[in-house]
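Let us read a structure together. Keep the sequence and the model in view.

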Amino acid sequence: MPQTVQGVIARSKGAPVELVDIVVPDPGPGEAVVVVEACGVCHTDLHYREGGINDDFPFLLGHEAAGRVEAVGEGVTDVAPGDFVILNWRAVCGQCRACLRGKPWYCFATHNATQKMTLTDGTELSPALGIGAFVEKTLVAAGQCTKVDEADAAAVGLLGCGVMAGFGAAVNTGGVGRGDSVAVIGCGGVGNAAIAGAKVAGATTIVAVDVDGRKLEWARQLGATHTVDASTEDPVEAVRALTGGHGADVVVEAVGRPETYEQAFYARDLAGTVVLVGVPTPDKEVTLPMIDVFGRGGALKSSWYGDCLPSRDFPMLVELFRQGRFPLDAFVSERIGIGDVEAAFDKMHRGEVLRSVVVLDGSA
């Protein structure tokens with residue numbers, strides 16, 4: 001029988017979110033119903049509300065979540081009712097050209113639930129990133145459920161998007177290793193996750209760059225060895241000065257703006273790596289002298305979801321968290337109720353939090 005639960009939707013562009021009744025179908029073949037225990041409030045959800053992703057309103061927001069499988073459909077074997085899972089928006093298909101080349105983190109055919117969740121009047125909802133987790137229970141493709149060991153859902157659920165994106169940008173895409181120097185430009189949730197990842201990977205010099213003193217303090221707490229206030233000093237010269245005059249081995253750009261990307265380009269060492277994980281808007285363009293691109297060598301990379309493979313990376317990072325070696329709980333600025341999402345957007349816009357996390361009571 002379909003279930004009616006409460007969830008948060010964006011009904012139209014720019015309008016405040018609403019807490020409404022949502023109808024969740026029984027899982028069909030290849031699908032799962034998950035009882036959501038916690039879901040982070042991510043910038044991407046705000047982008048959906050503002051019409052910055054597409055205009056397929058109404059959206060069921062939320063995607064950075066963990067919870068427990070309640071039921072599965074026909075043919076599902078990887079997860080079972082009762083499993084504690086983190087939801088992911090890259091459910092690899094195993095058959096596309098990226099998967100067949102042994103690079104499933106680039107999967108070009110990730111899948112979502114076939115059925116739609118709806119409003120009580122039958123209006124179909126578009127789930128954010130194919131998940132939709134600001135809701136007591138959600139319907140997803142079973143491949144979007146990654147089973148992990150029991151842990152604090154509010155903390156580990158952040159691996160579903162922002163923290164994984166930042167950690168992976170440094171470690172998976174940037175290849176940060178022991179003894180490397182790293183600079184991270186933009187120290188919100190994603191940038192600070194890159195800093196924490198660089199620390200875990202063994203980087204010895206980790207430079208945090210931002211214009212907000214609060215974010216730089218968070219960066220120090222998460223592993224930055226040096227901070228640069230870009231509102232008062234040239235970040236390129238500062239990074240070079242802190243790395244023997246050469247620039248960093250890896251520079252992670254977590255803002256998504258042309259000016260900060262250019263700073264990242266010139267703040268890296270010769271043959272160093274620039275990783276773009278900040279998401280630019282479609283109108284943004286960057287111009288660099290081709291002779292500098294040629295003469296500096298190295299690599300200019302973009303990082304999609306931290307180039308992660310959820311089945312590989314989520315259990316590993318949860319275990320590091322359980323061992324006290326990766327501070328996922330430090331990213332949780334506040335725990336809020338499902339009716340507080342709009343206020344959380346305001347705090348996020350003002351830069352007051354790394355993550356607000358919606359905590360549900362586990363029952364509909």
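Q: What should I know before starting?
A: This is a predicted model, where local features need pLDDT of at least 70, side-chain atom pairs count only at pLDDT 80 or more, and totals for chains, interfaces and linings use all residues. Residues are numbered from 1 along each chain as its sequence is written, and side-chain values use heavy atoms, leaving out hydrogens and water.

Q: Which residues does the UniProt domain annotation cover?
A: UniProt annotations may be inferred rather than shown by experiment, and feature names are shortened. Here the unreviewed entry gives "domain: Enoyl reductase (ER)" for residues 14-360. That stretch is 28% helix and 24% strand. Helices (H or I, at least four residues) and strands (E, at least two) are DSSP runs, numbered from the N terminus.

Q: Is V252 buried or exposed?
A: Buried means under 20% relative accessible area, exposed over 50%, with a 1.4 Å probe and protein chains only. V252 has 0%, so it is buried. V252 lies in strand 14 (residues 248-253).

Q: Which residues is V252 in contact with?
A: Contact means heavy atoms within 4.5 Å. Beyond four places in sequence, the partners of V252 include A169, V184, I185 and V275.

Q: Which residues touch the most other members of the largest nonpolar core?
A: A nonpolar core is a set of buried Ala, Val, Leu, Ile, Met, Phe, Trp, Tyr and Cys residues joined through side-chain atoms within 4.5 Å. This core has 34 residues, and L61, L87, F134, C145, F345 and V358 touch the most other members. A second, separate core of 31 residues includes A66 and Y305.
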